[in-house]
Every structure is written in structure tokens, then in C-alpha cells.
Amino acid sequence: MTFLGICQIFFFISLILLIAQPLGLYIYNVLEGNNTLFSGILRPSEMLIYRLANIDFCEEMNWLKYTQCVIAFSLVSMLLTYLLLMFQNLLPLNPMHFGLSDAPVYASKMTPDLAFNTAISFTTNTNWQSYAGETTMTYLSQMLALAFHNFVSAATGIAIAIAVIRGFIVNRVGTIGNFWTDLTRITIYILLPICIPIALLLVSQGVIQNLNPYLTFTTLDNHNQTLPFGLVASQEAIKNLGTNGGGFFNANSAHPFENPTPLTNLLEMLSIFIIPAALTYTFGKMVKDTRQGVALLTVMTVIFLIGTLVTYHFEAKGNPNFKPYNINYATSQLGDSGGNMEGKELRFGIANSSLFAVVTTDSSCGAVNCLHDCLTPMGGLITLLNIELGEVVFGGTGSGLYGIIVFAVLSVFIAGLMVGRTPEYLGKKIEKKEVKMAMLFILVAAFSILVFTAIASVINFPKDSFWNSFGSGTNNLNNVGPHGFSELLYAFSSCTGNNGSAFAGLSANTPFYNILLGIAMFLGRFFMIIPVLAMAGSLSKKKLVPASIGTFPTYSYLFVILLISVILIVGALTFFPALCLGPIIEEFLMRQGKLF
Amino acid sequence: MTNENIKKQSKSIYDKKIINRALIDAFIKLNPKTLFKNPVMFVVLIGSIITTIMFFENIIKGNKFENLLFQFQITIWLWFTVLFANFAEAMAEGRGKAQADTLKKNKQATMATRETVRGTSESVLASSLKKGDIVLVKANETIPSDGEVIEGVASVNESAITGESAPVIRESGGDRSAVTGGTTVLSDWLRIKISVDPGQTFIDRMINLVEGANRQKTPNEIALDILLAGLTIVFLLAVATLYPFSIYSYQSCPNKAPDLFSLISLLVCLIPTTIGGLLSAIGIAGMDRVLQYNVLATSGKAVEAAGDVDTLLLDKTGTITLGNRQAVEFVVAPKIAIQDLADAAQLSSLSDETPEGRSIVIYAKNYGIRERELSDKDVTFIPFSAQTRISGVNINNREIRKGATDSIFNYAKHNGFTVPHELEREVTRIAQSGGTPLVVADNISGLLGAIYLKDVVKGGMKERFAQLRSMGIRTIMITGDNPLTAAAIASEAGVDDFLAQATPENKMELIKHEQTGGRLVAMTGDGTNDAPALAQADVGVAMNTGTQAAKEAGNMIDLDSNPTKLIEVVEIGKQLLMTRGALTTFSIANDVAKYFAILPAMFGSLYALNANTHGPLWALNIMGLHSAQSAILAAVIFNALIIIVLIPLALKGVTYRAMDAKSLLQRNFLIYGVGGLVAPFPGIWIIDQILVILHLAPVN
């Protein structure tokens, strides 16, 4: 680790903490329907959308109605995406003729299982990519099927978080807002206005934005090379801001057309974290006690910093087995060489690659600027653990906040009794229903990650199977032993956590993996949204209990410690045995000189 | 929290009889049907059954002795885990069961004299009495069932229920008409109308309650059960998937993958067995603790609600003040000698048997006026009437009157006297300083002066209320006094608020008002007109001396009829919740250490260079345990023993201190959270050492 590297990490988190308050306030005003900076320009279009879609924007929904709207909206748009992908070869904006007879040799086919996986992936804000963008997707698919979801899946997440907060603040009302208004307002007042300047800044740094056919040219050493093009900048902005993470190109944010300079790298990391961070302030503002939001933000920041510093430490230390070979072992001042540079871009270096890896796994983004498969075992452990904690450290747009609220409810329930009162959080009693829903939330994640990984690690396929190639399901892994196990565990963790980043090393584009991972993404999104909204519904019907000196203080430093412990104990202990067989044993074996 | 005034029916929790009985019950409770209600322990039971079967299978297969010894011990300790949890529950039930036995003994075949329709009487079994029957109970007879006295006055020994041997008076009409079956008439006779059907009597209900026969889980217990069941499933998933994971991991490894014994051991250690085993014991013990204070809670829910109470409504008289006002000053009207006032005051109080009246007589002695017997025929006493709020005496032609300020002022005006301003001012001063002014007048000189009656606040109450305030509980004093008097006493006693000139209606309003604000209210009451308020309050403690209606409306009955006990009940409720939270936190925090014992033991052989060395994961054995077998055994044994170790804590409750939530949390988090994290490390290490010394597990 170098001083400059650590400075960069703290510079990044300071910027996040600085932006969180004003942006959080803005989000609060938007969702309260107050007049904001852009109201004059955007209000007419908001109203137009309501009129066109025949929406009664004053209607207040109970949790069931709200959930139905979320699910219906998601399922219909998922189906449309599936159809669009299946017929992309017949649709316009396909300059490279993908899916047609004269497609280039490198083009890959859009199979039904791939379309299924991709449709779920983008609807659930996961953006797991079993395909490579530049060889599979037409420009129209990128814009309409994928970028559309980048906006609305993020907006849906925020809407749900806001609905959950409303469950706490209403007094025996039973309603938690209107999904259509929330969705519309978040998209046009929050996501769009922030995306435009980000996209322009990206373009200024060299990110491309065109609809040209790919360019083939001859390199200096007389090879033919093809340069893929596309509407990258506009998509890049929402990819990060909406914690989607689905890259335009296969190399994602490591690709120079997506992330050309250290400045764009900082900008992308900032855009991943700002909405989740700002939402904690919005939360505090809505519950009329900003200390409550600060407490959650503190928990997130602490876990984030621990993860980042551990990852940076191990990446900078590199692989001890290289030491005897005198391979530029020591880290340089700027952190751009030395240590474990395998799978990292020179323009980002150790510190910014470690930081990006932690940022993208803490949030449910999944964009990558280095290859996670090439991280040291401990670096890999942190990325895996971040996802398995439930994507609550900043987390996805909205999903991070409602996730950490679930953990807060659990913490209050477990330890809140210790003050001699039945537990309450934000003035609402935590009872049977809330605990049931919170436990379901935890259970679904544990089930999906563990059971699906277990299936994949022992399944065998017969010869000529439709599902997968012959033999063990683990044959699709690039590596054997614990590293192979990490690749498998990471895939199912990433999909269940709706992260979408890949450890890489798993050839996932087979019907077996496409479908199983698709189910994992579906469970990880909708089967966690339903309990959360049901919890909000139950809370919205309860009366508000005024806080007294005898109430469990959920803004104190003690609560911060407690919440961190519960996240780590409930989240990490569940996966600790599995992690032992992956990155942890790999680390010990690496020290003994055995690599995989 | 012990209060000297309260006599405990002190039977130690560790009575030999109770322990013996609990030991037997622990085995009876192995019945899967009962255990099914406790998901955590049910999983342990299934685990024990599986290991038992496998153990016998391995004997038949002829496994190595070393392995059989290990498997035998694992099996035994898993059974112990279940038995210990059962034992904890049985211990908690023990005292209640013993008490129920005593009650049942008292309930032996009592005979009753029932009046028939024709006006004759017949002798019937008490258990055959129905609602509406009328019985006659004479001295030294046992009252056969619950009822209302419709005729007669008698002293009754209620020790069978209250444990208090001093007799109480029961009479027809008013608030002292309720009698309870099983109590004994000491003198005179009572005609009683039976008010309950057989099996519904107070004693029957009490037996049911103390036995815990139809004990229902409280809302918080149910929620906690869900949490524990959820955690159990999560860990079940984590351990069950370890099997396929290890199949993958051991592919290229010559050593054997972990067997079911270690997997089940890991599972049992991870699921929250500590709190799962002690949860019901904590609840039962909480109710039992309330009972030791002679308060009968009709449900655990009521005790739990007591812990949540935000507002306490306390009757002034008897709870906050000693209950009788005493004369502390005579204030004379202008131009009246103090001797005359003292004389008049005493004369008018001679027939007044109330403590106030007596205190006036005694106070008058300070002015040299001796107590006299008036048997003159010309003396007529005018008893106090609530309508006029005046009492007095007529001696020959002299009418002496004393009473409430405005009533006596009116009386004086009526007789043509003026009200001197000085007296008016004095009266206001008395009222403002929390006293009750009693004005004295006669028909000769008009207003003579006033008697300053003072409420005496019980010692220690101010500190008590300060403690409650620090816990976030507001106390509201309920009094029939006027607002001025009420305010003065309220400030002297240190309560947060008061309700003056209380009527059943505005009391009810106050409760509803507090509840709309989201607060939980507790109150005590005894009269029939308290019944609606008792029912409305979240915790309503009815006095045993109270009417049947009041007793039915409340969710607790104080057998000693001591309204101060409401505070203790709240404290017990809080302690119950704290104990639950503390043990849950402790139980979950324990898991960390167990991982570091079992995981290296399970996967220590993975990637080992040969069968005799440890693999890389053995490095996780940070406690330096001897061998894989000793490590797993130590964790399982620790997990079982911790239940036994914590039984006293579960039964007695965690140490209770009145402090604000922040400091309470800090204290308990340190003890049970951090303690729970740290304690298992030395615990498991010591057990590992002992196992090796006793040759019960291999050294490496």
C-alpha cells in the first residue's frame, strides 16, 4: 500500500459523503412532489406521461397493490425485452448483421436461453452477461432492450426503498405511495438529469458515442483488428448511476472506450455510489430524524473502508510466489505497478482497481475495471463476501437501502429487547410479521446462493445433453480446486445478489447455467422485494409509538456497532464454511506455494 | 428490587423436590410432539436420533474403537443438549407446579349449605355449585366457591390465596362484597350468591395459571421463535450444502470428506440452541416471578406488556401517599382564640372514626384539650354526607360544623355571617401547599378557622419516580382532590403529571388519550367503576379486595391488594424482555468461536500432504485445540453445557437496573454481546484440555 493510494481511496469516499446530503435532499423533494430545480421544465412531461398512461397520480396504494404494480411492470417489460432480443436480427440498427447469414465470423448467436437469461438479468438490475456485447447485441437491443431497463430497474429499486420508508412514517394509514408516480418521478427528475452531464463528461474524456459499423484496420504488426463502436457514453452513464453494471463491451469498464482515463474511472465509481449514499439522507429526512440516516451511512462507510483497505493491502502485496523471480514485486509510489497487476489496467493501477472492485461488489453494480478472477485470494474473498452480505453496503439503487433496513429491523429485534421493551424501529413495533418477512429476505438469499452452487458443483450431464456439455457441471470452469469453486460460488452469489459482475472463469452461456442463473436472479430480486414490501405494508398499518428515553436509540454509535455485527454475523457466518473451501483455503495454499 | 413490604412465598428455585421432579420431566418432554413446537430443539432431536442410529450401525460394522468412542460421545452430548433444554423448562415450571399442588390440596371436597327454592337448606358438594346458587357459610367453614356477599359481615382468612394470615372483613354491598372460594370464614356468618360455574373459580383459574397448563406463547415469544426458526433453516442450508461442496473439494484429495457426525455437530453448534433451549423457561420464570410478588397475571402477554408500559396511572391514596391525611395545623379566623377553634374541631371530630378525624382529636391535645366522652342526650352527631360535604355535632343549641371550604362558607353565609378575607387567603394557602383545608364554623361566632390536613407522601417514592423517569416511564397521579391540592402533592411526590378531581369517565378519557398517542398504559383499580378503565388499560392490575367486576376486567390481580406493586410488575416485565434479548444476543455471538473449532476440524485434512499431517485449513484452529475429534467434541460439549450454566440466569432474569435505554444497551451489549463473542474461546479450550487428559479424545 502506498500513501498516495490510500489518499485516493479516502478522497473518493469523502466526495461521496459530500454529495450525499444535497443529492439526498433533492431526491426527498422530488418524491414529496415538491418544486425542484427542474420542475418548470419537467413537470409538463411528467403530467403528459400520467395522461397518456391513464394514471391517477393521487392514488395511494396499499402494499399489495404496490407490489402487484412492481411485479406486473417488471414481468411485462421482461417479456418485451425477451421478444426484442429474439428478433433483433430482423430489426433495424443492426449494421454488423448479427443473426443474419452475412454476420461476421466472431458474431455469436442469440439463443432462447441466452435471451431468457439476459431479459431477467436486466429487468432485475443484475446485468449478468452470459454474452459479449460487441459480438452479440445489435445497437437497437443495446438501446431499447438493455438501456431501458438500466433506467427503470434502478427507478423501481428506489421506488421500493421509498415505499418501505413510507411504511415507517405513516400512522395507521396502510398505504405506501403510488408506484407509477414514484417510477416516473425518479426516472425523469433524478436519473435522466444526472445522466446527461455524466455522459457529456465521459465523451469529453474520449468515450465514444456513434452508430457506425465496426472499423476493421491493419495494425502496425500487420494484423487485422476490428474496433467495435456504439452509443457507449449514454449507456455508460446509466450503467453506473443505476448500479446496473452491464457493460456495452465484454471488457466492461476496463475497455478504453468505456473508461478511458483515471478521471472517468473516478467519475464512474462516484456515480455508482452517489444514489445509494444519498438515499440514506433521504431516509433520514423522511423519518424526520437525519441521525437515523447518518447511522446507516456510517455502517456502510465502515464496512466499505474495511473491505477496500483489506483488498488493497493484499493486491499491493501481490503473490509471494513471484518474489524469487524478481518480477517488479514492490508497489510503485503511484500504485500503477508492482503487487498483483495480473488482470488489471495500467492506467488504473492497484489502488484504483482494488477500490473499483470493492465499490462494484458493495453496491450491486457489477461493472468491473479489472478481472476479479485475477485478484489475490483475499481480494477475491472480499468481493465475494461483499455480495453475500446482501448488497447492503451502499448496495444497489434503492435495494441497498431497503436491504440495510431489513438488517436494522433484525438488529433491533435481536438486541433491542436488551433495553427491556419489545423492539421498535423508528417508532414502529417490530413483531411477528416483520420478523417473518426479514427472515424470508435472508433465507431466500442463502437458499439461492448455497443450493444452486451445490447443485452445480456435483451435477453431471450425459453425452449430447441439451443442457450442458458432457460430464460434470464444473467442467465449465477455467480453474480447478478452490479457485474453481470460487468461480462457481461467485456466479450464483452475483446473480442472487443482483450484482451481475463475473469472477469470470465460468463459461455460463449454456442452457443449464443460463436458466439456473436466471432463476437465481429472479429469486434474488422478486422473492426479496415481496417480503420487504409486505413488511412495509404491515408497518404502515401500525401506530407510531413516540420515542422516549427508554426507547432503543437507533442512531447511537452502539447501534452502528450492533448493525455491523449483525450484518457480519448473519451475512458472513452463513457463507463462512463455503468461503473456507474457496478463497480462504486458496490463500493458505498460495502461501505454501500451490497455485490454481 | 426487593421491597420489604412484600412477603415472598419464598420457595427457592433450587428446592430439591423441584429439581428431582424437573429431572424426570426433562425425559418426559422428549416426546417429539411437544418438542415440535420448539424448532431449534426439534432439529437437535432429529440430529441425535440420526447419530444414534449411525453409531449402532458402526458398532455392527466393527469400526475402530477410537472412532466409536468419538461417535458415542457426540451422540450422548446431542441427547444431553435436548435434555438440558427440557430440564430448564421443567425447572421454570417447577415452582408453579408445587404451588398448584398446594392449592389443589386445599380444594379438597368442601361441603356447602345451599338454600333451596322452598326456603330449606341442603348440604351439597362445593364442586356442584352453579352460578346463582345461594349458600350460607358459618364461622370456621370454608367458602365453597366465588361469589358476592348478599347478607352479613364476617372476618375471612384469605391466606389460602394471598398467603397473608391477617383476616379481612367481607360484607354485603360496596367494594368489599366479593369472596373467593377456598378462603375461610373466621367469625360470624355470610350469605353468599355464587357467581361462577364449577371449574371457573378463582382457585381453578389460579391452578391453571401457575401450572402453566394452557400457557400460550406471547407475541414477542412467537416473533422470536420465527427468528430462531429462520436462523435454524439458514444454518441448515449452510451445513447441508457443505456436503456437496466437500464432494467437489475432496475430488483430488486422498483423505475422507467430513462425515455426518461432524456435519450434525456443526449444525447443532450453529443453530441458536442456547436461546432456543431457554426461551420458554424465561417466559415461564417471568410469570413465576410476578407470582412470587403475589400478583396473578392472567397471561404472559400481560407481563410482556408491562415491560413496554410508557405511562403509569397511580392512585394517590395508598400508592403515593400513606392514605390518611393528618391534621398538622389549626388556622384561626380573625378575632377567634386558637383554643376555641381546637375545642370545636375536636368536638366535631369525636365521632369521626376515619384516620383524619382521629388525627384532629389527637392534634387538638396539643392545645390542652383533652379527649372527652360525650354521652349527653343533647348531643347529636351529624355524620358526613357526600352531598353536603359537611359533618358536625349539635350540642344543646350550638351547632358545630366542619367540612369542605365552599360548603362551610355557604353554611356561614346562610347563617348570616361574613367570610373574612384573611381566612379565605389562608384556606387557599393550605390548598396550594398540597393540604386539604377543613373549615370549622358554628352558629354562634360564625367561621372559627381551618384545619390543615396534610397528605403524607410515602418515603422513597420520589426516588422511585425518578428511576421510572430515567427509564422513559411517565407517572400520572390520579386523585379526587382539587387541582391545587393535586398539583402540590404531585410536585412533592415527584410525579410527572396528575389528574385531579378524577372520575371514572375522565380516567377512561386519559387512558384513551395516552393510547392514541401510541403509549401503553398501566393502572390499578378496585371498584366496580374502575372496571372499564381496567379493561381499556394495557396492563390493568385489579386489587384482590376489589369487586368481581374489577377483577375480571384487569389482566392481573394483586393478591395483596397493594397498588405500589404496579411498579414492580413493570420492572419484572422489563427484566423478562431484557433476559430474552440478552440470551439471544449471547447465543448468536457464540457462533463465531464454534466456527473456529469445528471448521478446521472438519476440513483440516483437505489438501494435506499426507494422512498424518494437517492441511492448510488447520491454521484456522486459532485456539490450538488438540485434534479434529477433540475440537468437535469440545464445541458440542460447550454448546450443551452453556444451557445448564445459563439456567439460573434464565430463571432469575438478568440483573435489573433502572437506567435509560442507552446505558442499558451499552451495559448489556458489553456483557452479553461481547461476552458471548469471547466466552466460548476459553470455554472450548478448557473442555478440549480435559477431554485429552481423560483420554476421551486423541491428542492429535
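Is R185(A) buried or exposed? At 13% relative accessibility, R185(A) counts as buried, because the cut-off for that word is under 20%. Keep in mind as you explore that this is a predicted model.

## A buried pair in chain A

R185(A) has a partner: it forms a salt bridge with E46(A), and the closest N and O atoms are 2.9 Å apart. R185(A) sits in helix α7 (residues 179-204) of chain A and E46(A) in helix α2 (residues 39-53) of chain A, so this pair ties together parts that are 139 residues apart in sequence. E46(A) also counts as buried, at 0% relative accessibility.

## Salt bridges in chain B

Over all chains, the rule counts 39 salt bridges. One of them joins E426(B) and R429(B), with the closest N and O atoms 3.0 Å apart. These two residues are three apart in helix α16 (residues 421-432) of chain B, so about one helical turn separates them. E426(B) is partly exposed, with a relative accessible area of 26%, and R429(B) is partly exposed too, at 33%.

Another salt bridge links E399(B) with R401(B), where the closest N and O atoms are 3.8 Å apart. Here E399(B) counts as partly exposed at 26% relative accessibility, while R401(B) counts as buried at 10%.

## Where the two chains meet

Now let's look at the interface. The contact takes 66 residues from chain A and 65 residues from chain B. Together the chains bury about 5,500 Å² between them, and 78% of that is on carbon and sulfur atoms.

How many salt bridges does the rule find across the interface of chain A and chain B? There are two. In a salt bridge between the chains, the side chains of D310(B) and R421(A) meet at 3.0 Å, N to O. Both residues belong to a network of salt bridges that links R421(A), E424(A), K429(A), D308(B) and D310(B).

On the chain A side, the elements giving two or more residues are α13 (399-416), α14 (432-458), α15 (481-496) and α17 (557-591) of chain A. The largest share, 17 residues, comes from α17(A). Sorted by class, this side has 44 nonpolar, 15 polar and seven charged residues.

## A six-stranded sheet in chain B

Chain B has an open sheet of six strands, in the order β2-β1-β3-β9-β4-β7, with antiparallel pairing. At its edges are β2 (121-125) and β7 (178-179) of chain B, each pairing on one side only.

Strand β1 (residues 111-115) of chain B runs antiparallel to β2(B), and five bridges join them. In this pair, R114(B) stands opposite E122(B) in β2(B). The hairpin of β1(B) and β2(B) has five residues between the strands, and G119(B) takes a positive phi near 95° there.

## A strand covered on both faces

Strand β14 (residues 390-395) of chain B is mostly covered, with six of its six residues buried. In a regular strand, side chains alternate between the two faces of the sheet. In β14(B), I390(B), G392(B) and N394(B) lie on one side and S391(B), V393(B) and I395(B) on the other, and all are buried.

β14(B) pairs antiparallel with strand β13 (residues 379-385) of chain B over five bridges. Six bridges join β14(B) to strand β15 (residues 398-403) of chain B, again running antiparallel. β14(B) and β15(B) form a hairpin with two residues between them, and N396(B) in the turn has a positive phi of about 50°.

Note on methods. Residues are numbered from 1 along each chain as its sequence is written. Chains are lettered from A and ligands numbered from 1 in the order in which they are written. This is a predicted model: local features need pLDDT of at least 70, side-chain atom pairs count only at pLDDT 80 or more; totals for chains, interfaces and linings use all residues. Side-chain values use heavy atoms; hydrogens and water are left out. Contact means heavy atoms within 4.5 Å. Buried area is the accessible area (1.4 Å probe) that two parts lose on being put together, summed over both. A salt bridge is a side-chain nitrogen of Lys or Arg within 4 Å of a carboxyl oxygen of Asp or Glu. Helices (H or I, at least four residues) and strands (E, at least two) are DSSP runs, numbered from the N terminus. Ala, Val, Leu, Ile, Met, Phe, Trp, Tyr, Cys and Pro count as nonpolar, Asp, Glu, Lys and Arg as charged, and the others, Gly among them, as polar. Two strands pair if DSSP finds at least two bridges between them. Buried means under 20% relative accessible area, exposed over 50%, partly exposed in between (1.4 Å probe, protein chains only).
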